[in-house]
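Subject: Structure handover

Hello,

Here is the structure I promised you. Please open it alongside this note, and my findings follow below.

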Amino acid sequence: MRIDVVSLFPEMFSVVGDLGVTGRAHRLGLWSLHVWNPRDYTHDIHRTVDDRPYGGGPGMVMLAEPLEAALDDALAHRGTRGGSSSIPVILMSPAGRRFDQTMAEELASGPGAVFICGRYEGVDQRFIDRRVTHEVSLGDFVLSGGELPAMACIDAAVRLLPGALNDRDSAKQDSFNEATSGLLDSPHYTRPELYHGLGVPEILRSGHHANIAVWRREQSLALTAARRPDLLEKARREGRLSKKDEAFLRSLEL
Ligand code: 9WO
């Protein structure tokens with residue numbers, strides 16, 4: 001998978017490129033990262049990347065031309081093999097489609113994407129109209145730039161690449177995965193056995209692996225019912241709950 005990013009703050013991406021699971025996957029060559037700074041595609045002495053908004057109002061708007069030149073360079077370096085026109089060009093924006101695990105899976109199973117990170121008040125709409133294929137949101141909040149949401153999407157996809165996780169940070173029991181059928185994960189405990197007077201559920205120290213699996217499933221069901229009834233309903237609709245799951249939920253009077 002190849003990730004290209006168009007950003008005025010390329011240094012920010014050393015976080016996903018160098019650290020943690022995504023950093024290791026990068027060093028293993030499981031994905032590559034190329035960051036393109038629109039400022040490098042300006043031609044004036046001030047290296048101008050923004051200007052005042054038509055119609056007035058506060059703040060500045062990112063110029064279309066340096067963004068488009070940076071994007072073109074990114075696509076040119078990808079080459080046309082596989083068809084660069086089929087590469088998603090993703091703008092991180094609160095007006096976009098809400099990012100979810102399915103989108104992370106789609107990104108991880110494809111050739112990658114180009115992320116466009118806006119700054120200031122926003123991006124000239126004509127760049128969006130001409131070149132952006134997908135607008136993606138992480139939720140209903142406003143940040144000072146698209147970089148952090150882009151890194152969140154990159155992280156969500158890279159950790160799914162085969163070989164990205166070793167068994168120390170396994171993906172087998174995450175929230176939203178196959179094993180938990182789209183339910184929230186059960187709680188975790190590690191040493192010490194007694195922490196500020198709080199113990200560990202006895203079942204987890206019993207060594208009865210089958211009973212532990214049942215307990216974790218029930219914890220997942222109860223937590224999801226309490227905190228995210230929407231996810232429970234979705235799991236139900238999609239036939240991901242067993243008769244035993246339904247019996248347990250009935251015992252909670254849900
Ligand atoms: C901001 C915006 C607000 C309401 C409706 C549409 C919008 N588009 C943008 C936009 O493209 N903003 C740029 C990126 C420039 C200002 C900072 N930006 C940004 C992206 N702030 N917050 C986000 C964001 C992206 C994804 N998920 C949550 C927030």
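Glu 233 and Arg 236 pair through their side chains, with 3.2 Å from N to O. Keep in mind that this is a predicted model. Both residues belong to helix α8 (residues 229–237). They sit three residues apart there, so about one helical turn separates them. Glu 233 is partly exposed, because its relative accessibility is 36%. Arg 236 is partly exposed too, with a relative accessible area of 27%.

How many salt bridges does a search of the whole structure find? The count is 16. Two others deserve a look.

One of them is between Asp 4 and Arg 78, whose closest N and O atoms are 2.9 Å apart. This pair links distant parts of the chain. Asp 4 lies in strand β1 (residues 2–6), Arg 78 lies in helix α3 (residues 64–78), and 74 residues separate them. Buried or exposed? Asp 4 counts as buried, because its relative accessibility is 0%. Arg 78 counts as buried as well, at 15% relative accessibility.

The other is between Arg 217 and Asp 245, with the closest N and O atoms 2.6 Å apart. Here, too, distant parts of the chain are linked. Arg 217 is in helix α7 (residues 209–227) and Asp 245 is in helix α9 (residues 243–251), 28 residues apart. Arg 217 and Asp 245 are both buried.

As background, side chains of opposite charge can pair when their charged atoms come close.

Five of its five residues are buried, so the rest of the structure largely encloses β1. Which way do its side chains point? Arg 2, Asp 4 and Val 6 point one way, and Ile 3 and Val 5 point the other way. In a regular strand, the side chains alternate between the two faces of the sheet.

Strand β1 has these neighbours:

- β2 pairs with β1 in the parallel sense, over five bridges. Val 6 stands opposite Trp 36 of β2.
- β6 runs parallel to β1, and five bridges join them. Ile 3 has Ala 113 of β6 as its bridge partner.

Further along the sheet, strand β5 (residues 89–98) pairs with strand β6 (residues 112–116). That pairing is parallel and covers three bridges. Leu 91 has Ile 116 of β6 as its bridge partner.

There is also an open sheet of three strands, in the order β3-β4-β7. Its pairing is mixed. The edge strands are β3 (50–51) and β7 (122–123), each pairing on one side only. Strand β4 (residues 61–62) pairs with β7 in the parallel sense over two bridges. Val 61 has Gly 122 of β7 as its bridge partner.

Next, the cysteines. How many disulfides are there? The count is zero, taking a disulfide as a pair of cysteine sulfur atoms within 2.5 Å. Cys 117 is buried, with a relative accessible area of 0%. Cys 153 is buried as well, at 1%.

Finally, the surface. Phe 141, Leu 143 and Leu 148 make a nonpolar surface patch of about 290 Å². Phe 141 is in the loop between β8 (134–137) and α6 (147–158). Phe 141 counts as partly exposed, because its relative accessibility is 42%.

That is the handover.

Best wishes

How values were computed
Residues are numbered from 1 along each chain as its sequence is written. This is a predicted model: local features need pLDDT of at least 70, side-chain atom pairs count only at pLDDT 80 or more; totals for chains, interfaces and linings use all residues. Side-chain values use heavy atoms; hydrogens and water are left out. Two strands pair if DSSP finds at least two bridges between them. Helices (H or I, at least four residues) and strands (E, at least two) are DSSP runs, numbered from the N terminus. Buried means under 20% relative accessible area, exposed over 50%, partly exposed in between (1.4 Å probe, protein chains only). Patches are made of residues with over 30% relative accessible area and no salt bridge: like charges are joined within 9 Å, nonpolar side chains (Val, Leu, Ile, Met, Phe, Trp, Tyr) within 5 Å. Accessible areas come from the Shrake-Rupley method with a 1.4 Å probe; for residues, only the protein chains shown count as cover. A salt bridge is a side-chain nitrogen of Lys or Arg within 4 Å of a carboxyl oxygen of Asp or Glu.
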